[in-house]
Amino acid sequence: MSAPAQPPQVKALNCPNCAAPLTIRGFEHTLTVVCPNCLSVLDAKDPNFAILEKFQAKQRVEPLIPLGTRGKWRGDPWEVIGFQVRTIMADGVPYSWSEYLLFNPFKGFRYLTEYQGHWNDVTVLRTLPEVAMSSGNRIARVLGQTFRHFQTAEAETTFVLGEFPWRVHAGERARVMDFVAPPRMLSSEQTESETVWSLGEYTAGARIWEAFQLPGKPPRPVGVFENQPSPYTGSVKQIWLLCLFLLLSLLSVSQLFLIFDRQEKVFEHSYDFKPGATQEASFVTPEFDLKGRTSTVEVEISTDIANNWAYFNLALINTETGQALDFGREVSYYYGRDSDGSWSEGGPHTTALVPSVPPGRYYLRVEPERDPAASGMRYGIVIRRDVPSMMFLWIAALLLVIPPAFVTFRAMGFETTRWRESDYAPSGGGGD
Amino acid sequence: MSVTANCPNCGAPIQFLWSSAVQTVCPFCKSILVRRDVNLERVGAVADLPQDGSPIQIATEGVYRNHSFVVVGRILYEYGEGGWNEWHIVLNDGSSGWLSDAQAEYAVSFLTPMAGLPPADRVAPGQQYRWNGVVYEVICVTRARYRGVEGELPFEYWDKSDVIFADLESRDARFATLDYSDPQPLLFTGETVDCDALRLKNLRQFEGW
Amino acid sequence: MRHPIYLIYGLLLLGMVTLAEYRGWTFTSVNELKNVPKSVRDNPGAYRSHYMYYARHVGGK
């Protein structure tokens, strides 16, 4: 057995450039460490911590999770030991995101990335994804999941702080390709020497704030991030299924009424309207019985007019109670031929559905009107008792469809916003 | 099954964790000892191994695919970007394998006899090879410096100069290494493993953890 | 189950439709007048409908 060795220690040292104190928490994994005071990049493997370069940051960035913070993440303790800001250029506009390096001596390393309030929990993937084309879309497949290509960009490291288990260079560049399958994201980082794949999972800032016991609130997310899960997932399908169920129920209701309503013809007659007779053209029909519950009465008038109009003043009068239900209907029908072909407007028939007529003995008072110059008109009146109104069903169906349509519209809007930031936006390219 | 012998250099008792060990290192005088029949022959010495961040140590135990194993030896390599360990593990069925450990990214692999392996000057990233029905792609080719050995190894291995390794990955988390330490390339195949899945016990302590 | 509000909304709509169909409601506006004398039956011209906002239909295209 080996002689017991002293457990690895956290190293405390002074920056060779500015003498500020710094600690190395990554034990022997740390290759490069950045002085928090003067931002010099130091060689952690050199006994004197030789200065590799003075990192000339244009702007000093304060990490949202301070270096050295420990938190419980996925059941294990992790410590934030490194931080970097990476920038891509899209249409001449720089877009930057942050990366936090998390360390646990038994579990290794993982990352948290942040962009405009959107966080991702990232680990290195050690299986090779398969990149392919599928129906015109660039995709990547790994571990049974398919990811859609979102963006390819060249990323430059623009700010570093803390420790890293690799050599850090100012202006380090890598070609980054992102593939998404919300809430997951598959990314590849390609440098001259190698390509590294990683898998990220979208995480709510609140979870991170809770895990690392950070004060205040996480930054509010802006816009929709590439692998941000849609709040509408599953919702759209569910609401349309519910809609289908309700529409079928509506159909059943309408069928029931079609079957059980009497739709009984209680009166039918044809008449002639002589030309020139505009005054006192009123008459009454013989009496008829309206049976059953308080229900509708349909008055259907069919005429033989052509390129003319007629108006019918109608009143359904109850002989016993003396109650009259007054209404009117216009009939107008015009047709002809022109350069575009034949056309027609209106029709020679009309129907009125009188509501809530109590049962009893009734007659119909009819007073037709016509253009005094018009020719004669032959017309027929048919009265039916207890005819269901189709209008309610159509309106109800429309009202049932509106909420799912609205939800679908919102869901599509969410996705449109997501993809507007991708390489596939209509304007031809967006930011990260 | 342990075998006891005495170090020919300093006389300290050597207890073998693995009966089939070919080589071991005396923990006290750091002599490299090779088993020749009944006796141990001293063939050299190993310098103090540099400090490294691996949580694994000799006698760490774990489970791989329902076989429990013990870490009995190690080979330490360094390269431009850092270092890694090849931990020699012995499973409960007596077989010998390797747990490679680079910044707590683990892979378990076993020596796989294979013909037609590419020579060191031919292998390059992006190449694909099909061994035992699995397609592997070369991820990186590393020139590493041998830094030392510790514990029990299944072969004689010490004082190597620069060694070339090629790492390969497959589409289903499999892993392979081409080891060019010897004139004849050696192939090790296995899979990448998640730290939690190994259920490691008897790990090193770290200050503050 | 998601969208409980939509389900309640839909069921209410169904209830309303059933009620409307049962009570015989329609979209036709009808003027109700009481006490039409029996004599109208013999003299329909004596009856004048009292539309509130209706002016003599002059129609035509």
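Residues count from 1 along each chain as its sequence is written, and chains are lettered from A in the order in which they are written. Because the model is predicted, local features need pLDDT of at least 70 and side-chain atom pairs count only at pLDDT 80 or more, while totals for chains, interfaces and linings use all residues; side-chain values use heavy atoms, leaving out hydrogens and water.

Of the two pairs of chains in contact (heavy atoms within 4.5 Å), A and C share the most contacts. Chains B and C don't touch, with their nearest C-alpha atoms 36 Å apart.

So what does the interface of chain A and chain C look like in numbers?

| Item | Chain A and chain C |
|---|---|
| Residues in contact | 64 of chain A, 46 of chain C |
| Buried area (accessible area, 1.4 Å probe, lost on being put together, summed over both) | about 4,700 Å², 59% of it on carbon and sulfur atoms |
| Salt bridges (side-chain nitrogen of Lys or Arg within 4 Å of a carboxyl oxygen of Asp or Glu) | zero |

Which element gives the largest share of chain A's side? That's α2(A), with 11 residues. Other elements giving two or more residues include β22 (324-338) and α3 (390-419) of chain A. Helices here are DSSP runs (H or I) of at least four residues, and strands (E) of at least two.

The two chains also join strands: β22(A) pairs with β1 (residues 31-33) of chain C in the antiparallel sense, over three bridges. Pairing takes at least two bridges found by DSSP. Within β1(C), L33(C) stands opposite A324(A).

Definitions and conventions:
Buried area is the accessible area (1.4 Å probe) that two parts lose on being put together, summed over both.
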